[in-house]
Amino acid sequence: QLQLVESGGGLVQPGGSLRLSCSVFGVTMDYYVIGWFRQAPGKEREGVSCISTSGSPTNYVDSVKGRFTISRDNAKSTVYLQMNNLKPEDTAIYSCAARFVGPAGGSCSNSPYSQYNDWGQGTQVTVSS
């Protein structure tokens, strides 16, 4: 049974950095596209970034391009989200999610933030001085 566990959130000052981790248990992570999502208070959940099974291509929402970097280590069953130059508007609960694509692998280029069936419980990121 697939389980996703996020870690790495916390309180950081504007301009600071955090690295989030999404650990995947119970399945072969190579068979899954992984996405990062966030939900701020009073706002709808939005897709932030996704990564294909091989590590490329990746996708980013416009508001984080040039500041966030997604990567994956299939041997460690972990996906990372490096977040630099954080802004107060990045404050949210960040969750990772998995989309099954099978042993042949798959890309997140098409519909990068839809068709995710398994979700972690999230980690809080707060950007404040």
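The exercises below, each with a worked solution, go through the fold of one predicted chain and then some of its residues.

Residues are numbered from 1 along each chain as its sequence is written, and side-chain values use heavy atoms, with hydrogens and water left out. In this predicted model, local features need a pLDDT of at least 70 and side-chain atom pairs count only at pLDDT 80 or more, while totals for chains, interfaces and linings use all residues.

**Exercise 1. The chain as a whole**

Task: work out how many helices and strands the chain has, and how its radius of gyration stands against the globule rule.

Solution: Begin with the secondary structure, where helices (H or I, at least four residues) and strands (E, at least two) are DSSP runs numbered from the N terminus. The chain has 0 helices and 11 strands, so the radius of gyration can be taken up next: at 14 Å, it is close to the 14 Å that the globule rule gives for 129 residues, and the chain is therefore as compact as a globular protein of that length. Here the radius is taken over C-alpha atoms, and the rule is 2.2 Å times the number of residues to the power 0.38. Along the principal axes, the C-alpha atoms fill a box of roughly 45 × 25 × 25 Å. As a last step, consider burial, where buried means under 20% relative accessible area, exposed over 50%, and partly exposed in between (1.4 Å probe, protein chains only); buried residues make up 44% of the 129 residues.

**Exercise 2. Serine 49**

Task: decide whether serine 49 is buried or exposed, and find which backbone oxygen lies 2.9 Å from a polar atom of its side chain.

Solution: First place serine 49 in strand 5, which covers residues 46–51. Its relative accessible area is 0%, so serine 49 is buried. Next list its contacts (heavy atoms within 4.5 Å): leaving aside neighbours within four places in sequence, serine 49 is in contact with residues including Trp36, Asn59, Tyr60 and Tyr113. The backbone oxygen in the task belongs to asparagine 59.

**Exercise 3. Threonine 91**

Task: find which two backbone atoms lie 2.9 Å from a polar atom of the side chain of threonine 91.

Solution: Start from the loop between strand 8 (78–83) and strand 9 (92–100), where threonine 91 has its place. One of the backbone atoms is the oxygen of proline 88, and the other is the nitrogen of valine 127.

**Exercise 4. Backbone geometry in the loops**

Solution: As background, most residues other than glycine have a negative phi, and most peptide bonds are trans. At 19% relative accessibility, serine 77 counts as buried, and its contacts beyond four places in sequence are Cys22, Ser23, Val24 and Met29.

Note on methods
Polar contact = N/O pair within 3.5 Å; in protein donor to acceptor, adjacent residues only side chain to side chain.
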